[in-house]
Amino acid sequence: MLPPLLLVTEMSNCDSYLSFRLQKFQDDVQMLGAKIKHYESGIKFLKGETNRLDDLILDMQVSLGKYHSDSEQKLENLDLPHDHSEEETIKNILRHANSAAGILCQLKTHHQVQASNIPWMKDVLGVVATLGKLLDDNLSRLLAAYLGVDTMLALVCKTETCVKALETYNDEGSIIKSSGLHGLGMSVGRSLDDQFLVICLENMSPYAGHFIADDPQRRLDLLKPKLPNGETPSGFLGFAVNMIYIDPTNLHFVTNNGRGLRETLFYHLFSSLQVYKTREDMLRAHPLISNGAISLDGGMIKNRVVFSLGNRKVMDVKFPIVSGKSHLPDNYAEIEKILKAAKWEKDRLLEDVRREEALLNQSKLNYEVKKQEYLKFLAESSSYAAQVGQNGRGLTPR
């Protein structure tokens, strides 16, 4: 057994060593914890920037009409004669000969002078199917199927006065066939017998949010669906209301309070209807869909609880397809350049995220290893302290 003085000296040296080792473990654990926080903060920032670029890319793709990979080829094929598609749409509407839409198109196409002499006709904007256009024929048919034929053939009026003028009644509440649209139909050999829809813009609650900055089409700045991690769901292409191309004359001041067709008529019809590439994408994003969704392969969700299954019905009345490239933004080349740069920047950020995540995972592993070593050291130190305590009690004078 060591002499008491040597034993005390050894105990003192061991205490200093243990204290040094303890401080070293604490410093290492603290340093690794700080690294983990640093990497987590960096990843959060990088993902935030990636999500921002995602939104920018989606908005630019919608503005350029690029809903799928072969959009560039479709742009090259837009060399149809001007207004060819509008004529085709009107021809299909005229097949509904005794409908309100058919009579209106008949008047505007073949009896313009007669129609222009009727005061309330100036407030009839037209038929829903003729007031918007699309770049893609498939998307046009999908949106027409979503709205249904009755809505596609609905008349759109600016004012309630115009709506009241379309149909008048006698004292018994019966329709006066010689006045309003009924009378006009009879004057051109058309009988209006069926019910028809009329949409009044004056009575509509318009979109109250912001518009996408510097967008000549005044697309709506709607909040995009986001997963819990902040990312846009796979396959999300945009909102139907923003995919409609509207003639410049109808973008501003359609209503008396200066509202255009997008924030009134088409927002009323589509609200925040989401568009996805595939049914699979759409169904995966179902928890994020509040006002319906469609997919380019024919899938359709009317709302959170109503699904449309089976083969879709082929619609004879659909939105016109934009002819030529006049609908594209004047700064198309510049937007295309920015789009490519944004995609490159997003890829670079994703690579940075992957690198930071690898470093984070390694730091977490190192932290766990060091933590286990620290706990083992504490256990051994406690055992050693208990043993020294037993020896120390033997030095106490009796």
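A residue counts as buried when its relative accessible area is under 20%. By that cut-off F239, with a relative accessible area of 4%, is buried. The structure described here is a predicted model. The protein has 398 residues, and 44% of them count as buried. Its secondary structure consists of 13 helices and 8 strands. Among contacts with a separation of 6 or more, 71% are between residues 24 or more positions apart.

**Nonpolar cores**

- The largest nonpolar core has 74 residues. L143, L265, F266 and F270 are the residues with the most contacts inside this core.
- Helix α6, which covers residues 137-147, gives the most to the core, with 7 residues.
- Another core lies apart from the largest one and has 10 residues, including L46, M60, L64 and V353.
- Leaving out residues up to four places away in sequence, L265 touches V128, L131, V156, I199, L201 and M204.

**Aromatic rings**

- A pair of aromatic rings is described by the distance of the centres and the angle of the planes.
- The count for this structure comes to 7 aromatic pairs. One of them joins F236 and F239, with 5.4 Å from centre to centre and 75° between the planes.
- The F236 and F239 pair is edge-to-face because its angle of 75° is over the 60 degrees required for that class.
- Both partners are buried: F236 has a relative accessible area of 5%, and F239 has one of 4%.
- Y146, F266, F270 and F319 form one aromatic cluster. F266 and F270 are also among the residues with the most contacts inside the largest nonpolar core.

**Charged side chains over rings**

- K302 lies over the face of Y146, at 4.4 Å from the ring centre. Y146 is also one of the members of the aromatic cluster.
- R218 lies over the face of F211, and the distance to the ring centre is 4.0 Å.

- Q217 is placed in the loop between β3 (198-200) and β4 (236-239).
- With a relative accessible area of 6%, Q217 is buried, because the cut-off for buried is under 20%.
- The side chains of Q217 and R262 are joined by a polar contact of 2.6 Å.
- Setting aside neighbours within four places in sequence, Q217 is in contact with I244, Y245, I246, L251 and R262.

**Salt bridges**

- Side chains of opposite charge can pair when their charged atoms come close.
- In the whole structure, 20 salt bridges are found.
- One of the salt bridges is formed by the side chains of K47 and E357, at 3.5 Å from N to O. K47 lies in helix α1 (residues 4-64) and E357 in helix α13 (residues 332-393), so this pair ties together parts that are 310 residues apart in sequence.
- K47 counts as partly exposed at 26% relative accessibility, and E357 counts as partly exposed at 28%.
- E86 and K133 also form a salt bridge, and their closest N and O atoms are 2.5 Å apart. This pair links distant parts of the chain, with E86 in helix α3 (residues 84-94) and K133 in the loop between β1 (124-127) and α6, 47 residues apart.
- E86 is buried, with a relative accessible area of 15%, and K133 counts as buried at 10% relative accessibility.
- The side chains of E280 and R284 meet in a salt bridge of 3.0 Å, N to O. These two residues are separated by about one helical turn, because they are 4 residues apart in helix α12 (residues 279-284).
- E280 is exposed, with a relative accessible area of 54%, whereas R284 counts as partly exposed at 49% relative accessibility.

Methods: Residues numbered from 1 in each chain as written. Predicted model: local features only at pLDDT ≥ 70, side-chain atom pairs only at ≥ 80, totals over all residues. Heavy atoms only, no water. Phe/Tyr/Trp six-rings, centres within 6.5 Å; stacked < 30°, edge-to-face > 60°. Buried < 20%, exposed > 50% of the residue type's maximum accessible area, 1.4 Å probe, protein only. Lys NZ or Arg CZ within 6 Å of the ring centre and 35° of its normal. Core = buried A, V, L, I, M, F, W, Y, C linked by side-chain atoms within 4.5 Å. Contact = heavy atoms within 4.5 Å. Polar contact = N/O pair within 3.5 Å; in protein donor to acceptor, adjacent residues only side chain to side chain. Salt bridge = Lys/Arg side-chain N within 4 Å of Asp/Glu carboxyl O.
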